[in-house]
Structures are given as C-alpha cells and as structure tokens.
Amino acid sequence: MRTKAKMMLLTAILTAALLGCGQDAKVIEGEVKNASDEAKENPEAEDTQDAADAETEKESEEAAEYKGYAFIYQDVVIEMDADAAPIVEKLGEANSYFEAPSCAFEGIDKMYTYGSFELDTYPMENKDYVSAVIFKDDAIATPEGVGVGDTAEKMTEIYGEGTLENGMTVYEKDGMKLCFILQEESIVSIEYRSTVLDE
Amino acid sequence: MMQASLSIINFRKDEEKVKRKKIMKAAVTAALVLTSLFLLQCLLVPKYATDVVEGSLIAEYYQEEKDHDVVFIGDCEVYENFSPRVLWEEYGINSYIRGSAQQLIWQSYYLLEDTLRYEKPEVVIFNVLAMQYDRPQKEAYNRMSLEGMKWSGAKVKAIRASMTEREEFLDYVFPILRYHSRWEELKSEDVQYLFDRKKVSHNGYYMRVDVKPAENVPEGNILADYQFGENAYDYLDRMTRLCRENDIQLILIKAPSLYPFWYEEWEQQIEDYAEKNDLLYLNFLEMTEETGIDFSTDTYDGGLHMNLSGAEKLSACLGRILQEDVGLKDRRGEKELSEKWQEKIIAYEAEKERQYKENMG
C-alpha cells in the first residue's frame with residue numbers, strides 16, 4: 001500500500017513538474033507604432049518643401065509617441081504587430097493584393113500594395129497583424145524624413161549608428177526593426193519589420 | 001546448536017526475500033512511471049492528422065517498400081508539385097518524395113543520408129529554393145522535418161544543424177519536454193492516433209485538387225545580399241559528394257512556383273554550380289511550354305503550389321526527361337511492384353474523388 005502511494009506520488013510529481021514548468025509562448029503585443037506621409041512629392045517647390053518639412057517634423061513628434069518606429073501614410077498610422085483590419089480599411093482600396101497561404105500552417109499572409117509601399121500582414125488567432133511595410137519608391141519617407149535615395153549619412157544623422165544584420169543597417173526598437181539597404185552609401189530600400197515571426 | 005544455525009539461515013533467507021521484494025517494487029514503480037510518461041508523451045505530441053498534415057510526411061517514408069528509382073528531397077515545392085503516381089503510371093518510374101514544409105538544405109542532406117541507410121536510388125532530385133536559407137529558421141518547421149525521422153546518426157546531426165538558439169537537443173529526445181503544455185489543446189485525434197498515424201500522402205505527395213488562379217503575384221523586394229550563404233553551399237557540396245560516392249545522379253530543380261520570388265541572381269548561381277559540378281539543372285519556371293502548366297487552372301493557392309492538375313502535368317514532363325535524358329528504366333513489367341502501385345492508385349483515386357466531392361459540396 002505504501003509503495004503504491006509512493007508510486008502515485010512520484011508519478012504525480014513528475015507529471016506536475018512537466019506540465020507546470022515554464023513554457024515559452026509567442027506573445028503578440030500590438031504596440032509597435034508607425035507614421036509616414038508623401039512629404040517628398042514636390043521637392044522643387046520651396047514652400048511645399050517647407051510645408052513638407054513641417055509636416056515631417058510634426059509626424060516625427062507624433063511618431064515619438066509610438067512604441068518602436070512607426071510609419072504614417074496620409075494620417076494613417078501603421079504600427080508593426082498592430083491589428084491590420086482598421087489600417088487596411090483607412091488606407092482604402094489597394095492597387096494590388098496578393099495572399100500567400102503559409103506552408104503547413106493555417107492562415108494567410110497578405111500583401112497589399114499602395115503605390116509607393118507594400119503592407120504585409122500575418123495571421124494569428126483569426127486576426128491579421130501588420131508584419132512589414134516596404135517602401136517601393138522614393139515618393140514617400142519615414143516620419144523622421146528619410147526616404148529611398150537619401151544618403152547613408154542622413155540616415156545616421158537621424159537614426160544614429162545602426163547594427164549590421166544580413167547586409168542591412170538595422171534600428172531595433174520596442175520589438176520591431178527599421179531596416180535600410182544601402183548601395184554605395186545611398187539608401188535603396190527601407191523596410192519596417194515585425195520581429196514576432198522571427199522565432 | 002543446529003537449531004541456532006537453522007534460524008540464522010532462515011533469517012538470512014527472509015532478509016534476501018525482503019531485499020528482492022524491495023528491488024522488485026522499485027523496478028515495478030520505475031516501469032510504471034516510465035510507462036506513464038511514455039503514454040503521456042504519446043498523447044501530447046502533435047499528430048498532424050487533420051491540421052498541419054505536412055508534419056506527418058517524413059515519418060510515412062519508413063512504412064514504404066524501399067526500392068525507389070527516384071527520391072525527391074526538399075521543401076513544399078517538391079511534396080506539393082510532383083505526383084509519383086504519374087511517374088509510375090506513365091513511365092514505370094518508382095519514386096518517393098521526402099519533402100517537408102520549409103525543409104532546409106541541411107535537413108535535406110541528412111534526410112538523404114537517412115534514406116541511404118535503407119536504399120540507393122538511381123536519381124536524387126533536390127529543389128534549390130532552400131538555398132536562400134543559410135541558418136536555422138523556425139522551430140515549428142524544424143520539428144515537422146525532424147521529429148518524423150527515425151533515430152540515427154543522421155537525425156542527431158540534422159537536429160544539431162537545425163536548432164535555433166532557443167531550442168534544446170533534449171527536447172527532441174523527449175518531446176514531452178516541449179509539448180507538455182499541449183494538454184490544454186488536446187483533440188479527439190490525439191487519442192485516435194495515439195500509436196498509429198493517419199496516412200496523409202501518396203508516396204510523399206500532398207494532394208490538393210482545388211483551383212485558385214495566380215493573380216497579382218508580387219515581384220521580389222530588393223535584397224541586401226543575393227549571394228547564397230556559405231553554409232548552404234557547404235551542404236549542397238556535401239549532397240553532390242554523397243551522391244557521387246554512391247553512384248547516384250543528383251538533379252537540381254526549381255519548381256514552377258511563382259512565389260516566393262526566384263531572383264535572377266539566384267538562378268545564375270545555381271546554373272553556375274550545376275555547370276561546375278556537371279549536374280543536370282531543370283528550372284521549371286522557364287519550361288512552361290514543355291510542362292503545359294496554366295497558372296489560371298493548375299495551382300490551388302494563386303501560384304505558390306500546383307494543384308493535382310498542375311502536379312500531374314509537371315510530373316509527366318519530368319518523367320519524360322528522366323526516361324529519355326537520364327535513361328531510367330520502365331519497371332511496369334515488375335509484378336510485385338505493379339501490384340503495390342495498383343493499391344496505391346486506388347488510394348490516390350479515392351482521395352481525389354473525396355476532395356472533388358468536398359469542393360463541390
């Protein structure tokens with residue numbers, strides 16, 4: 001009888017230890033914020049440039065309130081890991097839409113192209129979240145005023161020294177990444193990326 | 001005196017009896033605990049029977065007869081795009097697909113090592129999309145490629161090469177350590193497939209009959225570096241060497257999947273590698289005329305993977321090359337093998353019919 005009790009106790013302890021010990025889980029915290037605009041549309045016109053600078057400054061201030069680097073496009077704030085539905089609704093109809101079911105997993109990665117940028121989402125528990133914003137041309141800039149075609153010097157001036165990751169200059173903030181691809185000291189690509197799916 | 005000796009002997013016997021009893025009890029206790037843990041592990045590990053069925057693919061190979069002329073290794077671009085049934089029915093080529101979701105090149109290499117423990121095919125076909133990855137990616141995909149492998153040196157090496165920073169080797173040895181929290185999400189299939197798994201593939205082919213035309217497929221975004229990594233090249237070299245040592249013809253392919261984007265810079269590197277190593281390389285993206293693939297009818301997910309119609313067209317084209325250019329023999333005259341394939345074709349047709357009905361309903 002005593003042995004049986006011991007055996008049951010041992011099994012219970014082992015089971016409890018296995019079931020109870022810490023388990024890492026993927027946590028989605030939709031707290032990465034964005035900001036952008038089309039401030040660089042008419043660089044020749046000084047007034048427009050001033051207005052754009054003022055707008056950029058304003059957005060930059062706004063962006064500072066967000067967690068991580070945020071992208072703002074026509075007053076629509078796009079944060080990494082934010083719920084994508086209200087953002088997509090505010091942005092209106094995309095120029096192009098593509099969806100890619102992830103290999104083996106349920107849910108669909110979605111790609112919306114809005115002229116100058118691409119907005120990517122990932123699915124999680126019946127909702128889509130923002131996974132990336134990728135600049136497609138030089139018609140837009142980050143809220144801090146950096147766009148495709150700008151110099152590496154300007155990037156460093158505004159964002160400081162980034163880290164080099166897979167050939168990109170990366171600024172990591174609050175669980176998201178702002179990535180720049182440089183070619184001969186000139187920015188050729190800008191991407192906002194969520195890090196939730198990295199592991 | 002005599003009585004005293006007898007009582008000492010009896011005492012010793014009793015003592016030994018008690019000792020033996022204790023050992024027995026400890027052994028039984030240990031056995032019960034281990035059995036409980038084993039059963040618990042069987043219950044908690046994912047079964048990949050109805051959701052994420054791709055997790056079952058690697059293990060299914062071990063139930064097969066091991067007499068294949070062709071073995072495919074690679075990611076979803078092999079297990080969703082080629083139909084071994086067509087290779088058999090139209091060309092008498094016996095093939096098997098050892099594919100898994102996001103199979104990384106080191107996993108493909110060790111799966112090849114593992115395959116060679118059982119058989120020596122004439123041809124190994126490797127899909128080169130995996131060259132884009134130079135380091136471990138995601139645990140979930142790792143597990144789907146590795147857990148189904150039988151234990152061997154190849155599996156140990158595959159795990160070690162694949163683990164991300166947060167993974168532990170011991171979690172692969174005792175999966176219960178990783179899945180213990182799954183008790184909250186257990187489903188009826190976890191009990192139903194406690195010991196036996198549901199068969200989900202047809203010689204490694206994952207069938208889909210639905211249609212979703214390819215539209216608005218995006219161009220690739222700019223990459224910081226188009227050069228394939230050293231690690232990826234190292235495993236491609238190893239694969240080439242292993243095939244050569246075993247007198248196996250290695251064929252490199254790029255399946256006709258439109259997404260993820262296949263960059264020109266990548267294409268050039270593979271063409272150069274194939275030329276340098278005297279390997280046949282088939283880029284099916286550039287062979288639409290030969291394959292006859294129509295991206296408005298032959299894909300089920302907008303151009304990422306072929307549906308049944310696309311996979312059958314692609315396999316017919318590949319079979320022709322394997323027979324005419326590579327010289328594989330037609331084995332349809334082999335009675336035993338033909339009988340096995342007859343059974344497989346019945347299962348294939350049944351699955352096809354089930355899916356068509358489901359899609360129509």
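Contact here means heavy atoms within 4.5 Å. By that criterion, and leaving aside residues up to four places away in sequence, Ile125(B) in this predicted model touches Val70(B), Val71(B), Phe72(B), Ile73(B), Ile251(B), Ile253(B), Leu318(B) and Leu322(B).

**Nonpolar cores**
- The largest nonpolar core comprises 48 residues, and Phe72(B), Ile125(B), Phe284(B) and Leu322(B) have the most contacts inside it.
- Elements of chain B that give two or more residues to this core include strand S1, strand S3 (123-127), strand S4 (249-254) and helix H14 (308-324).
- H14(B) supplies the largest share of this core, with 8 residues.
- A second, separate core holds 46 residues, among them Ile73(B), Ile105(B), Trp106(B) and Leu279(B).

**Strands S1 and S2 of chain B**
- Strand S1 (residues 70-74) pairs with S2(B) in the parallel sense, over 5 bridges.
- Val71(B) has Tyr96(B) as its bridge partner in S2(B).
- Strand S2 (residues 95-99) of chain B is largely enclosed by the rest of the structure, because 5 of its 5 residues are buried.
- Ser95(B), Ile97(B) and Gly99(B) point one way from S2(B), whereas Tyr96(B) and Arg98(B) point the other way.
- In a regular strand, side chains alternate between the two faces of the sheet.

**Surface patch**
- A nonpolar patch on the surface is formed by Met24(B), Val28(B) and Leu32(B), which together have about 270 Å² of accessible area.
- Met24(B) belongs to helix H1 (residues 2-44) of chain B.
- Met24(B) counts as exposed because its relative accessibility is 53%, and the cut-off for exposed is over 50%.

Notes. Residues numbered from 1 in each chain as written. Chains lettered and ligands numbered in written order. Predicted model: local features only at pLDDT ≥ 70, side-chain atom pairs only at ≥ 80, totals over all residues. Heavy atoms only, no water. Patch = residues over 30% accessible without salt bridge, like charges linked within 9 Å, V, L, I, M, F, W, Y side chains within 5 Å. Areas by Shrake-Rupley, 256 points an atom, 1.4 Å probe, with all protein chains shown as cover. Salt bridge = Lys/Arg side-chain N within 4 Å of Asp/Glu carboxyl O. Helix = DSSP H or I, 4+ residues; strand = E, 2+ residues; numbered from the N terminus. Buried < 20%, exposed > 50% of the residue type's maximum accessible area, 1.4 Å probe, protein only. Pairing = 2+ DSSP bridges. Core = buried A, V, L, I, M, F, W, Y, C linked by side-chain atoms within 4.5 Å.
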